[in-house]
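Thanks for making the time this morning.

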Amino acid sequence: MPEKVNTTERQLNLLAALLKSRDGLGWADFARMDGYNDDTPERSRRRRFERDLQSLEELGLHLQREKNGTEFTFYRIDRSACLLPSLALSNEQRLVLHSVAQAYLKDGGDGPLASPLLTAVMKLQAGAARGALPARVPETVMRRSLARRPGEEKRLEAILDARVAQRFVSFKYRDRGGKTSTRKVAPYALVTRRGGWYLVGHDADRGDVRTFRLARMAGAVKRANPRARGPEYMVPSGFVPESAFSSESFGAGDGAFTGVQIRFDADVAFVVQNDFEGIYELVPAADGSVVLHLPQAYPAELMRYLGEFPGHWQVLAPAPLREFVVQRLRESLQALGVKP
Amino acid sequence: MNEVSRLVGLLQFMAANPGIRMSDAARATGRSPKQLMQDLDRLMMCGVPPYEPHDYVTFRIGGGADAPIEMQFAKHFAQPLTFTPQETLALTYALEHYRSSADKATTAQINAILETLRESLHGRAREALEGAGRAFAMPRRTDRLRELISTMNEACACRRVVEIDYYSAHRGRLGTRRVRPFQVIDAGGHFYLFAHCELAGETRHFRIDRIRAARLTDATFTDKPPRKRDAGRLAGMFEGKSKDLLVVRFSREVAQAITEEWTGAAGTTLTHAKDGSVTLTTPLFNQFWVIGFVSSFGAHAEILGPTWLRAELEKTLRQSLKAHA
């Protein structure tokens, strides 16, 4: 009696058989393989076989099927479509590619993309014999992180998967006012800003592109229509995330001050230049100080930055922001129980 | 990750790298040597009809951690499957994210790699790649910061002692120090240089944007980075011990924002009171961010502990108010 074979073993064997055969195989060949040769009815064994093929296709396998009447009878791998082509990279580019990947995978890697990144790198290294990525290269000295906040990982994975498949997601979302509602969104892009992740997508119920902070989502992100087949939406041609999400360092929109000017004295001017030169206008003065011009800024986000330079900064404009900041500083002193 | 994908990835890697040492294979495939052996054992069940001995994948291994491993009867796995869309997105994201803080030379290399991927990939991998540029938005970094990061990477790789002009928030002034750099770390939106500081006589994490200038010296070093528990005063930001416990009470008006920001943070508790306020308790590794963080909430935040931090906050607030007098 044939041995019972688990799904992983069955799919590995199926892949091995398809890769080994240059000319393709028919159902009769597969029906002799462990996992498809038990004494259950042929119909159920064939369904099992088709399910396994689907799983392999999701891993990147491209199959050519030939039909005889209504049934598929012959299966062949489309090698040109499903095998990783040789990449014409220079030695330096290979090292850069390796350094980039290792920077994110160092110390076991973290974040939502570490797992697919590792398998991608292993594939590149598997092609080492054909001039791809070397299997052994020097240790990288850079450590980068794709993770931002605990709890966001699973949501990010679900959103990324949905974006790849172009499927709607649904999730419970708590808005700024604290009201929770279920949202159905077509994911367009993911943005990481100020230590957190944001989803930019088309909100089906509101009929517009909206931004959602992942930290405000409650519970899991799920497929809105789990039984749907095929793509449910298209990302508009030419869509750029920045068009829907402010790239301002201290935020923009309702409640943000505009025309902000802050003077930093000579001791810390270079830090501001390191952070913002070429991004925002910086006007240096003869005494070594510098004035940072920001088109927009939320005061709370700005004050977090300014707090790193005790006594070295002064808000010049606009006047309401200056008053706001001074008021906040006084309030903080009062909260400590001391007189301003 | 899908189990089949994980094992196929390993099989393809091993088949394409005959004779690779166990330690190298373990590192390259993100496994411990023990996990590697377990997975290799699992792969030995992989076979094709007619299931003669040479139809099963097998491996041969010498002794010791650095023993070479030879896969046998796995040649049909030697050419890897193309990237899945998720793998394409992950690779593209890593390349683009890295590029957002890379120097000009590295940026050019990354652009060339992305172009090669676009030209070479096909099918769903290519579709994902063509869409990937629009799938993420990257932070903006200045050329000055990119060059500093590049200099530090070079110093770490060549193990060269570096002289830096550094603004210490703790001392409140600029000073020069010689450091032995170990690693550049991107964490929480900032870049840090993890290095041994000759001035302090121990390791430190230096914020790279607070470096005014960096000069590579001719001196080299052979020290290895200290073990994690010895990793220096600020190391706790990444690993290690905190210097104190920060306790801040936030009013009802800002409680939701604090809950969103801090829920799930390591070692952190949030205690909600009946009046709607919330008290945050979290390990304090470095007090400098706290000043800006707490003062941005004005009357809505009060530091309950430690006491010395209340005094430091008061001093800073008075300095800032004086600058606006």
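This is a predicted model: local features need pLDDT of at least 70, side-chain atom pairs count only at pLDDT 80 or more; totals for chains, interfaces and linings use all residues.

If we take the contacts in chain B between residues at least 6 apart in sequence, 56% of them join residues at least 24 apart.

Let me now turn to the sheet. Here four strands of chain B form an open sheet, in the order 11-12-10-13, and their pairing is antiparallel. Strand 11, residues 269–272, and strand 13, residues 301–305, stand at the edges of this sheet in chain B, and each has a single partner strand, so one side of each is left without a neighbour in the sheet. From one strand to the next, the twist averages 25°.

What joins strand 11 of chain B to strand 12 of chain B? Between strand 11 and strand 12, the latter covering residues 278–284, there are four bridges, and the two strands run antiparallel. To put residues to this pairing, Thr271(B) has Thr279(B), in strand 12 of chain B, as its bridge partner.

Finally, there is the helix I mentioned. Helix 9 of chain B, residues 288–295, lies across strand 10 (244–250), strand 12 and strand 13 of chain B, and helix 9 runs at about 5° to strand 10 of chain B.

Methods:
Residues are numbered from 1 along each chain as its sequence is written. Chains are lettered from A and ligands numbered from 1 in the order in which they are written. Side-chain values use heavy atoms; hydrogens and water are left out. Two strands pair if DSSP finds at least two bridges between them. Axes are lines fitted to C-alpha atoms, for helices over the stretch in contact, and angles run from 0 to 180 degrees between N-to-C directions. Contact means heavy atoms within 4.5 Å.
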